[in-house]
Amino acid sequence: MANRSYLYAADTLPTEQENPRAIRCVSEHNWSIPLAHKLLVGRGTVIVPSMIWNPRIGIAADYAGGAALLGDLLRAVGRGLEDDTDFARCVERTTSHLEKQRAPYFVLETGEMVSLTDDDPEAGVRRLVADDIPAAVAQAEAAIAGRNDAWLASLRSDWEDHFASFYSDVLYFSFPG
C-alpha cells in the first residue's frame, strides 16, 4: 500500500465532535505531500481534527486563496513549458477539478505521511504548518513576482512530482455524500 496525502474540500471545518457534512474529494498524492497540496493549504492555515484518524493532524485553509496561489504559480511555471502538452493537460485537469469541487475550505490529511517518521504525528503537522507550508508559500510568491527564477527552473524540470497528483471525485478515503 502506498502512503498518501489526501486533500478535500469542505463547507465547514472538522471539529472534535463531527466531520463536515459535505466533504468533496479533491486529490491524493503517493509517498509525499506535494508542493501543490502545500500551496493549496497555504492561505489561512490552521490545524484541525483529522477527519480520518484520531490525532489532531488535519490541516485546513482558505480554498479560494490556496487555489489562486497554485493557479498563479502554475502560470509562472508554464511560461517555461509552453510546448509541453503533458504539463498543459495537468494544469487543465487540476484547475477544472478545483473549480468543480470549490468550497470555503481545503482540508489536508497528512496522517499516513507524518506517521512515516519516528516523530509524533501531531508534532510533524505542527512543523508543516509552522515551517514547511509557509516556506513553500514564500518560494511560490517570490517566483510569481519574478524573484525566484532558479526555483522555477527546478520546478519545470520535475513538474510531475510537484503538480501531477491524482485529482478525482473518489479517493482512497472517501466520505458518504
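Two strands pair if DSSP finds at least two bridges between them. I kept that rule at hand while going through this predicted model.

**Entry 1: strand β5**

I began with β5, residues 105–109. I looked up its partners. Strand β1, residues 4–10, is joined to β5 by five bridges, and the two run antiparallel. In that pairing I found Ala10 opposite Tyr105. Strand β4, residues 58–62, also has five bridges to β5, again antiparallel. There Ala61 faces Phe106.

Next I asked how many residues of β5 are buried. Four of the five are, so I noted the strand as largely enclosed by the rest of the structure.

I then stepped back along the chain to Ala103. This residue sits in the loop between α3 (85–100) and β5. Is Ala103 buried or exposed? Its relative accessibility is 11%, and buried means under 20%, so I logged Ala103 as buried.

I also checked Ala103 against Asp120. They are 17 residues apart in sequence. From C-alpha to C-alpha, the separation of Ala103 and Asp120 in space is 30 Å.

**Entry 2: aromatic pairs**

A pair of aromatic rings is described by the distance of the centres and the angle of the planes. I searched the whole structure and got six aromatic pairs. I wrote up two in detail.

The first entry is Trp53 with Phe173. Their ring centres are 5.5 Å apart and their planes stand at 75°. Planes over 60 degrees apart count as edge-to-face, so that is the label for this pair. The two residues come from distant parts of the chain, 120 residues apart. Trp53 is in the loop between β3 (46–48) and β4, and Phe173 is in the segment after β6 (166–167). I looked up accessibility for both. Trp53 is partly exposed, at 24% relative accessible area. Phe173 is partly exposed too, at 25%.

The next entry is Tyr63 with Phe106. I read 3.9 Å centre to centre and 15° between the planes, a stacked pair. This pair also links distant parts of the chain, 43 residues apart. Tyr63 belongs to helix α2 (residues 63–78), and Phe106 to strand β5. Tyr63 counts as buried, with 0% relative accessibility. Phe106 is likewise buried, at 0%.

**Entry 3: the aromatic cluster**

Which residues form one aromatic cluster with Trp53? I listed Tyr6, Tyr172 and Phe173 alongside Trp53. Arg4 lies over the face of Tyr172, 4.9 Å from the ring centre.

**Entry 4: the largest pocket**

Rolling a probe the size of a water molecule over the atoms shows where empty space is left. For the largest pocket I got a volume of about 160 Å³. Its lining consists of Ile33, Lys38, Met113, Val114, Thr117, Asp119, Gly124, Arg127, Leu128 and Asp132. I then sorted the lining by element. α4 (111–114) and α5 (121–144) are the elements that give two or more residues to the lining.

Which element gives the most to this lining? It is α5, with four residues. By class, I counted four nonpolar, two polar and four charged residues in the lining.

Terms used
Residues are numbered from 1 along each chain as its sequence is written. This is a predicted model: local features need pLDDT of at least 70, side-chain atom pairs count only at pLDDT 80 or more; totals for chains, interfaces and linings use all residues. Side-chain values use heavy atoms; hydrogens and water are left out. Buried means under 20% relative accessible area, exposed over 50%, partly exposed in between (1.4 Å probe, protein chains only). On a 1 Å grid over the protein atoms alone, a cavity is a set of points where a 1.4 Å probe fits but cannot get out, and a pocket is an open set with protein on both sides within 12 Å along at least five of seven lines; lining residues have an atom within 4 Å of a point. Grid points are joined across faces, edges and corners, and a volume is the space filled by probe spheres set on the points. Ala, Val, Leu, Ile, Met, Phe, Trp, Tyr, Cys and Pro count as nonpolar, Asp, Glu, Lys and Arg as charged, and the others, Gly among them, as polar. Rings of Phe, Tyr and Trp (its six-membered ring) pair if their centres lie within 6.5 Å; planes under 30 degrees apart count as stacked, over 60 as edge-to-face and the rest as tilted. A charge sits over a ring if NZ of Lys or CZ of Arg is within 6 Å of the ring centre and within 35 degrees of the ring normal.
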